[in-house]
Amino acid sequence: MKEESLLVKAGRKFDDYKGSMNSPVYHSSTVLFPTYKDYLDAANGESIYDVINDDVARDYSYSSVGTPTVHYLSNALAEIEGRGQALIYPSGLFALTFAILTFSKVGSHVLIQDNSYYRLKRFAESELPKRGVEVTFYDPTQDIAGLIRGNTSLIMIETPGSVTFEISNIEHIVKVARKHGIVTVCDNSWATPLLFRPLDYGIDVALYAVTKYLAGHSDLLMGAIVAEGEVFKLLYEGYKNYGITVQSHDCYLAHRGLRTLHTRMKGHQNTAVAVAKWLEKHPKIRKVLYPALPSHPQHELWKSYFKGASSVFSIVLDREYLCEELSCMVNRMEIFGIGASWGGCDSLILPIDRKSMSRSVMNAYCGGSFVRIFCGLEDPEDLISDLNTALARLPCLDAKNDEVKCETKRITT
């Protein structure tokens, strides 16, 4: 079945819906069974209710391990990934932090990219030391073999990296990890399984912020992981033991979003490429950090792994602008909204505080302000016009600071 068809049908069991085109939203805390033996069998992964497409014995005795609506979504994600089993989490950040906690313990050492999602870095810096876990933040463009220690248990990957959009050399990282028996986790939210499948390259865990492209409408918070074998079993045991639950209605929305994912991703890419190419020629742009552009220093590496590009990238402005000046640029935009996250229908823009970046990635672009752009599903000509007007509001080098008014005192990621 081709991807377009699979996305429409994945995880849906029409025979269970009594003629309905859409799955019911099961609001239930208790699962009833005809006999006590049926209940015991369900607790041991042998349920009479056929809702979980797994080769791992999954408990179905109580809704704390998922209603049918939750399982329909997890089945769909595993089908789209093409392998493994999926678990659903309350947010993408929760999935990231829980993966770290699953594969680390007191005395462990973990490697995390230094350009990762800043909330993950905050967790690693503030929470992991309390649990006796050492952290090294690594440059994903460099050889990591020398960073491995005898107690290294986990390598976290995000490709492309948040804000700076470097591509990780997956084959190198996997080779090093397998040599030392280290678990690898890849945040694949930017690409989705349509553009890159981490498990096909030897990564142990593919991780997604379902909030973003997969759900696609900026109306829910959710995360997911897909894994296989013993790695999945370890994640699932923790999932059960901590009582992780996700609301059925949110899973219904996410599952519905998957049906249009292929169409949306094509639209996102086409728009982003058009906008990025226009930005490359603008005199106030020093660099566009978008792997799909031939000008990206890792463009060839990106092509070796990815089938296409999504629509999130950064621009580096011609110089370092004051907060007040950046505010003048973004505050009165017609199409772009100021906001975190991405992956919905509406375009977003966000100046990035360089102080939040532990490494001045791509040092050649030091001295220019970073602005992250997400191209939604609006017309690309409207987005270009909006950006053109916004960039024109940036003062020239000879502008006086006292002529620039600021409505926002602080801009953060």
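Reader: In which helix is L40 found?
Author: L40 belongs to helix 2, which spans residues 36-43; helices (H or I, at least four residues) and strands (E, at least two) are DSSP runs numbered from the N terminus. This is a predicted model, where local features need pLDDT of at least 70 and side-chain atom pairs pLDDT 80 or more, while totals for chains, interfaces and linings use all residues. Residues are numbered from 1 along each chain as its sequence is written, and side-chain values use heavy atoms, without hydrogens and water.

Reader: Is L40 buried, partly exposed or exposed?
Author: L40 is partly exposed, because its relative accessibility is 35% (buried is under 20% relative accessible area, exposed over 50%, partly exposed in between; 1.4 Å probe, protein chains only).

Reader: Which residues of helix 2 are buried?
Author: D38, D41 and A42 are buried in helix 2. Viewed down the helix axis, the buried residues fall within an arc of 100 degrees, so they line one face of helix 2; the arc is taken from the directions from axis to C-beta atoms.

Reader: And which residues are exposed on the other side of helix 2?
Author: On that other side, Y36 and K37 are exposed.

Reader: What follows helix 2?
Author: G45 follows helix 2, and its phi is positive, near 90 degrees.

Reader: Turning to the sheet, what is the strand order?
Author: The open sheet has seven strands in the order 1-7-6-5-4-2-3, with mixed pairing; strands pair if DSSP finds at least two bridges between them.

Reader: Which strands stand at the edges?
Author: Strand 1 (85-89) and strand 3 (134-138) do; each has a single partner strand, so one side of each lacks a neighbour in the sheet.

Reader: How many bridges join strand 5 to strand 6?
Author: Three bridges join strand 5 (residues 183-187) to strand 6 (residues 205-209), and these strands run parallel. V185 has V205 in strand 6 as its bridge partner.
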